[in-house]
Protein chains: 2
Amino acid sequence: MNVAVLSGGVGGARFLRGVIGVVDPGNVSIVGNVADDIEVLGLRVSPDLDSILYTLTGLADEERGWGRAGETWQALDTVDQLGGESWFRLGDRDIGLHLVRTELLRHGVPLSEATERITHALGLEAQLLPATDDPLRTFIETSEGTFPFQTWFVARGHRDEVDAVHYAGSPEAAPGPGVLEALAAADVILIAPSNPYVSIGPILAVAEIRAALEQRTVPCVAVSPLIGGRAVKGPADRMLQRLAGGTTPAHVASCYAGLIDALVIDEADAPADLGADVRSVATRTLMTDVEAARRLAAAALDAAGAPA
Amino acid sequence: MNVAVLSGGVGGARFLRGVIGVVDPGNVSIVGNVADDIEVLGLRVSPDLDSILYTLTGLADEERGWGRAGETWQALDTVDQLGGESWFRLGDRDIGLHLVRTELLRHGVPLSEATERITHALGLEAQLLPATDDPLRTFIETSEGTFPFQTWFVARGHRDEVDAVHYAGSPEAAPGPGVLEALAAADVILIAPSNPYVSIGPILAVAEIRAALEQRTVPCVAVSPLIGGRAVKGPADRMLQRLAGGTTPAHVASCYAGLIDALVIDEADAPADLGADVRSVATRTLMTDVEAARRLAAAALDAAGAPA
């Protein structure tokens, strides 16, 4: 069974760890968000791709919740001491990866190929595909101004309420190599419990990816990132409240209208009526550990009618 | 008393630590070699400037002899793991500095100004001036081919005998801001015990710097890098043997013909007759510790008729 998963960073990565626990990793293709990517200190950083890579290869720092285990901060401490840009937290090991990626991109290697080389070197078995090789970037519109995603999320601590989300570059963005092929080859398409606006939204802003989901011939199941109407972490609940008008399963499902056949929700949000076209499946969605992530992945596959 | 010192990296840096021990650091201007600079992993590395900076600010690793104390290697280990370019040893703290410098250069800040900002941030009191802001690079001609300096020195472990040394870009290279002013304001000009071919040579390959030394109105004293005809470290003796025909004080002095009034040599190389124009002054030149470096600096100033 081939599974394709649309995913953002940390939350998506945890779900993916469950997916590769119930499906042969070699049959899992991940379409990762790249609209959070940022150039900082001349380094091209792809936070969502890297969160996925680190989590699935066991390199992630589980306690901190992002970045690599055993990380040190000597380079950034020096940058800070020298008055350089240090607001975006880059660890030394993380910088090593960014140096390699940035050098490849500088030599004309597309992000997809750079990602393939890096994930291969670290032994990732699943296929990690950037949603696009084109410059697609999320901008956040607030009453304080419109900010690049990481400026709003990291530098401003996502405290500004969001009036709108823009995906700069989306009209021109083509799917990355292998993305449409992975969606076409999938027996099931999953949407990870990532933020619908800033993690999944940019992937769906690539017109051909959205069209592929609209025209799917296999089931597509999304997993809600909310539990009891609240985000486990991050601003998803506040964004849904403000941009979709609420935080019920129906509000989550509205982000994926026409794209999904089922929404996996937490028991705390059940029951939910999502209309004629979308079933709701309630289960425990909090991924307290790998086993819980596996159960959630299995529930999502089950909801697709494709039990693992 | 104002002192200007032409200097390469590690050996020069140790001598400079002696100089600032006997002269007010605020009155010391260092003209540093930049022809060893290299772009590696997209980072602009200035090994000689950084050796001087680290040594004079107490940040150098004295035991290893290069780089920073308390250094770690996590970024480069990751680069290596990912198949990136890892032959040039960059520590994490060192990378922090290179990230800042590279970012400044990318934004159009000249190397001299980037150096000023970085040295100021680290509290360097002496003035550290790149010999030039222009792209001046040392190439080493050997029977195995002509190599960029760091390729020959680091990657090939300077094992190939040197047939000639070229300074690419020297015809167009102008002195860096402040260099001619520092030489004009100096009461004494010193040439550090650095390699005459690959450390001091590129500085003197900047025509206006050479002219300033030729037309000097104050004493200029060089310190020989050889002890008993042998280099303390590095390939200076082999290069002198092959390119100047020997390793006596006269051979060292021949590298600075018309530019110096005295050569400080080691007692092991005394006595030496350097002709009518250049006096030789013998002392112990091995810089075993800071005090030995201070004594050597004092001897050099004394040889210039300007006792500290």
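At what angle do helix α1 and helix α12 of chain B pack? In this predicted model, helix α1 (residues 10–22) and helix α12 (residues 290–303) of chain B pack at an angle of about 75°. Chain A and chain B are in contact through 25 residues of each chain, and chain A can be laid on chain B by a turn of 180°.

**Helix packing in chain B**
- The axes of α1(B) and α12(B) lie 7 Å apart.
- Angles of 65 to 115 degrees count as roughly perpendicular, and α1(B) and α12(B) are therefore roughly perpendicular to each other.
- On the α1(B) side, the contact with α12(B) includes B:Arg14, B:Phe15 and B:Val19.
- On the α12(B) side, the residues that meet α1(B) include B:Val290, B:Arg294 and B:Leu301.
- This helix contact is made up of 9 nonpolar, 2 polar and 3 charged residues.

**Relation between the chains**
- The superposition of chain A on chain B has an RMSD of 0.0 Å, with a shift of 0.0 Å along the axis.
- The two copies are thus related as by a two-fold rotation axis.
- A:Asp92 is the residue of chain A that comes closest to the rotation axis, with its C-alpha at 3.1 Å.

**Interface between the chains**
- In chain A, 25 residues touch 25 residues of chain B.
- Helices α3 (74–81), α4 (92–106) and α5 (111–121) of chain A each supply at least two residues of the side that touches chain B.
- The largest share of this side, 10 residues, comes from α4(A).
- By type, the residues on this side of chain A are 11 nonpolar, 9 polar and 5 charged.
- Of the interface residues of chain A, 100% are also interface residues in chain B, so the copies meet through the same surface.

Key. Residues numbered from 1 in each chain as written. Chains lettered and ligands numbered in written order. Predicted model: local features only at pLDDT ≥ 70, side-chain atom pairs only at ≥ 80, totals over all residues. Least-squares fit on C-alpha atoms with pLDDT ≥ 70 in both. Contact = placed C-beta atoms within 7 Å. Helix = DSSP H or I, 4+ residues; strand = E, 2+ residues; numbered from the N terminus. Nonpolar A, V, L, I, M, F, W, Y, C, P; charged D, E, K, R; others polar. Axes fitted to C-alpha atoms, helices over the stretch in contact; angles between N-to-C directions. Parallel < 35°, antiparallel > 145°, perpendicular 65-115°, else oblique.
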